[in-house]
Amino acid sequence: MDSIKIALQYMLPKHFLSRLVGKFAAAEAGIITTVGIKWFIKKYKIDMSEAQQPEPEAYKTFNAFFTRALKPELRPINQDGTMMAHPVDGAVSQCGPIEAGNIFQAKGHTYTAEALLGGDKVDAARFDGGDFATIYLAPKDYHRIHMPITGTLSKMTYVPGDLFSVNPLTAQNVPGLFARNERVVALFETEVGPLAMVLVGATIVASIETIWSGTVTPPGGKQVFSWDYPTTGPDAVTLEKGAEMGRFKLGSTVVMLFAQDAIETFADGVEPGETTRMGQPFAMLSKA
């Protein structure tokens with residue numbers, strides 16, 4: 001059955017289906033939208049008591065529901081200056097060192113930092129000998145992405161690609177999954193060097209947003225698009241630890257890359273399969 005599921009992903013028109021779902025998710029369809037939201041809540045056992053707006057009828061579109069805000073007191077940001085904070089609710093897929101430019105995906109599968117970042121050798125070299133963490137967001141999770149550490153945006157890159165599912169089964173069976181799916185790469189400058197926040201698209205992920213550019217929707221095709229940002233002056237985009245930096249309209253995965261010696265160690269419980277909650281301790285900063 002697993003092999004059939006993977007084979008179907010290769011065969012299905014994933015971009016067409018994703019755009020079609022995206023139109024529904026963005027539509028203000030009244031009772032149809034509400035019924036869809038209620039079905040989704042029941043299907044995925046979503047705890048709406050955590051939401052600022054717990055009533056399904058409060059959301060005019062499915063996207064508004066999916067990117068719903070939580071009650072802020074439920075996700076306090078760790079204030080320890082020596083620790084990074086978890087950026088999302090989800091589950092750790094993998095984490096560890098970047099070895100010879102390679103990132104571990106699953107048993108038998110790796111991909112390169114260069115490929116993940118859209119083929120830019122200079123950007124990839126900044127993470128040689130560093131660390132990575134991959135966090136999977138399931139449909140039930142909170143889908144806003146926050147900063148693990150204070151950083152100033154220096155570059156954003158849109159990389160076109162496939163739209164395979166990013167669930168654990170697909171990660172175990174599709175080579176180079178996170179470096180072949182459509183994605184948005186945000187590079188930040190931090191007190192411990194560069195940080196890459198890579199927001200990976202997936203099947204029926206209608207779109208990806210960032211707080212500084214809104215929905216990232218470059219023209220279609222296979223071209224990579226990049227935007228540079230000033231890191232000083234009044235136009236610099238600096239986001240504090242715990243600040244929102246982006247959203248997924250339907251679920252996906254975040255891959256984070258850290259420079260060499262940025263991280264001393266990951267926090268307790270940051271290991272494959274473990275649940276993450278935004279704001280909790282994620283990694284200890286290097287003392288170097």
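Predicted model: local features only at pLDDT ≥ 70, side-chain atom pairs only at ≥ 80, totals over all residues.
I began with phenylalanine 66, which sits in helix α4, residues 62-66. A helix here is a DSSP run of H or I with at least four residues, a strand is a run of E with at least two, and both are numbered from the N terminus. Residues are numbered from 1 along each chain as its sequence is written, and side-chain values use heavy atoms, with hydrogens and water left out.

Is phenylalanine 66 buried or exposed? I found it buried, at a relative accessible area of 1%. (Buried means under 20% relative accessible area, exposed over 50%, partly exposed in between, with a 1.4 Å probe and protein chains only.)

**Helix α3**

Next I looked up α3, residues 31-44. Its 14 residues reach 20 Å from first C-alpha to last, close to the 20 Å expected at 1.5 Å a residue. (The expected span is 1.5 Å times one less than the number of residues.)

Which residues of α3 are buried? I wrote down Thr33, Thr34, Gly36, Ile37, Phe40 and Ile41. Viewed down the helix axis, the buried residues of α3 fall within an arc of 160°, so they line one face.

After α3 comes lysine 45, with a positive phi near 55°.

**Strand β9 and its partners**

I moved on to β9, residues 193-200. Seven of its eight residues are buried, so β9 is largely enclosed by the rest of the structure. β8 (residues 183-190) runs antiparallel to β9, joined by eight bridges; strands pair if DSSP finds at least two bridges between them. Two residues lie between β8 and β9 in their hairpin.

β9 also pairs with β15 (residues 253-258), antiparallel, over six bridges. Leucine 199 was worth a check: it stands opposite valine 184 and also opposite valine 254 in β15.

**A three-stranded sheet**

Last, I traced an open sheet with the order β1-β18-β16 and antiparallel pairing. Its edge strands are β1 (83-85) and β16 (263-266), each pairing on one side only. Three bridges link β1 to β18 (residues 281-285), and alanine 85 has proline 281 as its bridge partner in β18.

Key. Arc of directions from axis to C-beta.
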